[in-house]
Amino acid sequence: MEAGTKTEGIDPASDSISLSSLRSTGLNQTLDEDEEEGEEGAALDCEGELEVNPYDGLPFSSRYYELLKQRKELPVWRIKYLFMENLESSNIVLVSGDPGTGKSTQIPQWCVEYALSMQYINGLVACTQSHSLAALSLALRVADEMDLNLGHEVGFCVPYEDCCNPETILRYCTDDMLLNEMMSDPLLHQYGIIIIEAHERTVATDVLLGLLKDVLRQRQELKIVVITNPLLEERLHTFYGEATPIVQVPWLEEGMLPDVEVIYKDAHSQDLVAAACHMVLDIHRKEEQGDIIVFLADEKEVIECCEAIEKEGVALNSALGELLPIPLHPGLGSSAQKLYESLSEQTGRGYRRNVIVTNSLAESSFSLATVCYIIDTGLELKNVYNPRIRADSQVYRPISKSQAGLRRKRAIGNPRGICFRLYSEAFYNKCMPDFPPPQVTETNLSHLVLLLKRLDIADMGQCDFLDRPAPESLMQALEDLDYLAALDDDGNLSEVGIIMSEFPLDPQLAKALIASCEFDCVNEMLTIAAMLTASPCFLAPPVKSEEAAATRRRVLLHPDGDHFTLINVFNAFKQHHDDEAWCGKNFLSYSALKLADVVRSELLEVMQRIELPISPPSFGTPENVLSIKRALISGYFLKVARDVDGQGNYLMLTHKHVAHLHPFSCYLTRKPQPRTPSWVLFHEFTISQDNCISVVSEIQPEMLVEFAPQYYLSNLPASESRDLLMELREKIFRTEEQDEETETRKESNTTQNTEGEENKDLCSLQ
């Protein structure tokens, strides 16, 4: 077979490829298993002894053989020999196939077999995923299929959770975690095979695809496997070179695709959540058995739809069976694994239809063989970063045709899949782009640029991207890092920038945390940083519970601002011993607070490792409040707004957008309601229907002049706000001059008095 040619899957029985060079202790055993025709004798070798797992030395369990039978029925199994041959002969292998064919579970196991045959001389196996939930779910499944314990030979590593040990030979991780590993080990020496899942092109995925090409030039023994879908196949083939082999995963028999019926129902003039809920109920009443996946725009709609299905399902005829809504979105954390528990449970009360309600998370992850029906609303809610105003815009937009195709194929493994599209065919043809925009063109690149600088990539042009970021975005990121003192005069990382890159935080938050060492408020800033990194802790109360929720929250509010309220909430959570019931009673997110606790511990470990000074807690004193505000301004001086009319209309100082306080802000929920502060520092501003600034605390404008003069006195565009700050600077300057003159006079008078006394003494002596 010539390199660079596309190769379809072929039957192992007719495969004439020699794999003798791969046969050794571990791989030989697995290949021999595949050549056996029956499963009954698989548990015994030729001498009648129990077959031993080569990875832990223990006999295989009966479940291993049950799962092995299921694995051999996957479409991907038909290309195993072909893949192994290409893995042996090439440094880069592209594997292309639709979701649900078994690529994410089987390809990594085959790579481990190859690594075992090489006695791991080149390193271990890593497999990246775009989402933490996908990495966790796949690690659990693969450990089960390999008859191993999760956290030992098979593990996962996601932000703020590392379930691996020195025995781990297969590590599932998020793409950003592997990217962070490159800071300490740029050539990733501990890995012999790196598998990149490129279904969803996150910023970290795009960067890894380029950086690993450079790593390969310096580590010729490294193997890279890129798993993608047919829509990205040609693009990646061109990116890596025409000589790169492509292994295509066929569906069932060659040339045959299972039929998925597509039915268009234009519902965009209606409430899409209600329309999706009604469609679920119609399917449950009329259609045959089979689970359902509902694709909605965002997490809020997912929660609303689950509540509506649960409410409406109670009124259905019990003879139809149970209708169980299961939410699936990134905010669930590790509890998303309950999805598989729910699917495997037997109620003992007859038929149950599961309804998985999700957003774009399930387009290429979480394959479920029981799904027969897809309900696609055709819209998504995305945060798109605007470098000109340094703010995210919430964009409610159509998905792409490629995303619609991926969603349709979630039912492709069933004999009769149906995809209900709640939009017209004209909308599909005219309004949907062919592909979604790469995330690297829609994201704040400050953290990425900081990371690349740490990797000694001084010029962003040196990094090979599938799609290059906009020059404006790169310039804005460099400007922001320069304002934060993260760069030196040559454009390289300064000492402060190197320390900032050690933290898994946004650069602004990392700088504020570092500044807290100077102002002796490290303990409090650690809590703030953790709470801001975790998802929002305040939950939207159910209908008719708004007043009860507001009453509960008022006990936790802090008069000095929302940042201080976050400290109150976290401290109360710890005082109640991480009690989940207490969180529910106070309308707080238990998962968010638990994550904040984990994040805080990790940040503290980083500070201890790089030997930064850690001050003791002193929360509540006036001096501590002032110190916290100073530390926050050191990092967030670009996120300041002032009330222009005394009515709560806040003008951003860095641009001319006007926003309002978030409804959960302490300045709007305290009783009696205090005056709205004139100047505020905020954590986040998102352009949406409400245009809210969230997590807000009052500051004094003098602090901007004192702690961020390099921006506000030199780079802030001409405006009324700049004039006010310049006047304030002149006033402060005159006051300082007067104080210096007064001090000089005092010193002069003291000197004259001293000389007069000395003269008196001289006269007396004479």
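**View 1. Leu212 in helix 7.** At 0% relative accessibility, Leu212 counts as buried, where buried means under 20% relative accessible area, exposed over 50% and partly exposed in between, with a 1.4 Å probe and protein chains only. This leucine is found in helix 7; helices (H or I, at least four residues) and strands (E, at least two) are DSSP runs, numbered from the N terminus. Leaving aside neighbours within four places in sequence, Leu212 is in contact with Leu188, Ile194, Ile196 and Ile224, contact meaning heavy atoms within 4.5 Å. Leu212 and Ile194 are 18 residues apart in sequence, with 9.1 Å between their C-alpha atoms.

A quick note before the other views: this is a predicted model, in which local features need pLDDT of at least 70 and side-chain atom pairs count only at pLDDT 80 or more, while totals for chains, interfaces and linings use all residues. Residues are numbered from 1 along each chain as its sequence is written, and side-chain values use heavy atoms, with hydrogens and water left out.

**View 2. The protein as a whole.** Stepping back for a moment, you can find 27 helices and 22 strands in the protein. Of its 766 residues, 53% are buried. Among contacts between residues at least 6 apart in sequence, 74% join residues at least 24 apart.

**View 3. The largest nonpolar core, around Phe503.** This core has 119 residues, and Phe503 and Tyr712 are those with the most contacts inside it. A nonpolar core is a set of buried Ala, Val, Leu, Ile, Met, Phe, Trp, Tyr and Cys residues joined through side-chain atoms within 4.5 Å. Helix 7 (residues 203-218) gives the largest share of this core, nine residues. Not counting residues up to four places away in sequence, Phe503 touches His447, Ala510, Leu513, Ile514, Leu603, Val606, Met607, Ile610 and Leu612.

View 4. Helix 14 (residues 446-454) has seven of its nine residues buried, so it is largely enclosed by the rest of the structure. Just after helix 14, look for Asp456, which takes a positive phi of about 65 degrees.

**View 5. Helix 2 against helix 5.** Helix 2 (residues 62-72) and helix 5 (residues 132-145) pack at an angle of about 115 degrees, with their axes 8 Å apart. The two helices are therefore roughly perpendicular to each other. On the helix 2 side, Arg63, Tyr64, Leu67, Gln70 and Arg71 meet Arg141, Asp144 and Glu145 of helix 5. By class, this contact has two nonpolar, one polar and five charged residues.

**View 6. Ile283 in helix 9.** Ile283 is found in helix 9 (residues 272-286) and counts as buried at 1% relative accessibility. Leaving aside neighbours within four places in sequence, this isoleucine is in contact with Ile292, Arg353, Tyr373, Ile375 and Phe420. Ile283 and Tyr373 are 90 residues apart along the chain, and their C-alpha atoms are separated by 8.4 Å.

How values were computed. Axes fitted to C-alpha atoms, helices over the stretch in contact; angles between N-to-C directions. Parallel < 35°, antiparallel > 145°, perpendicular 65-115°, else oblique. Nonpolar A, V, L, I, M, F, W, Y, C, P; charged D, E, K, R; others polar.
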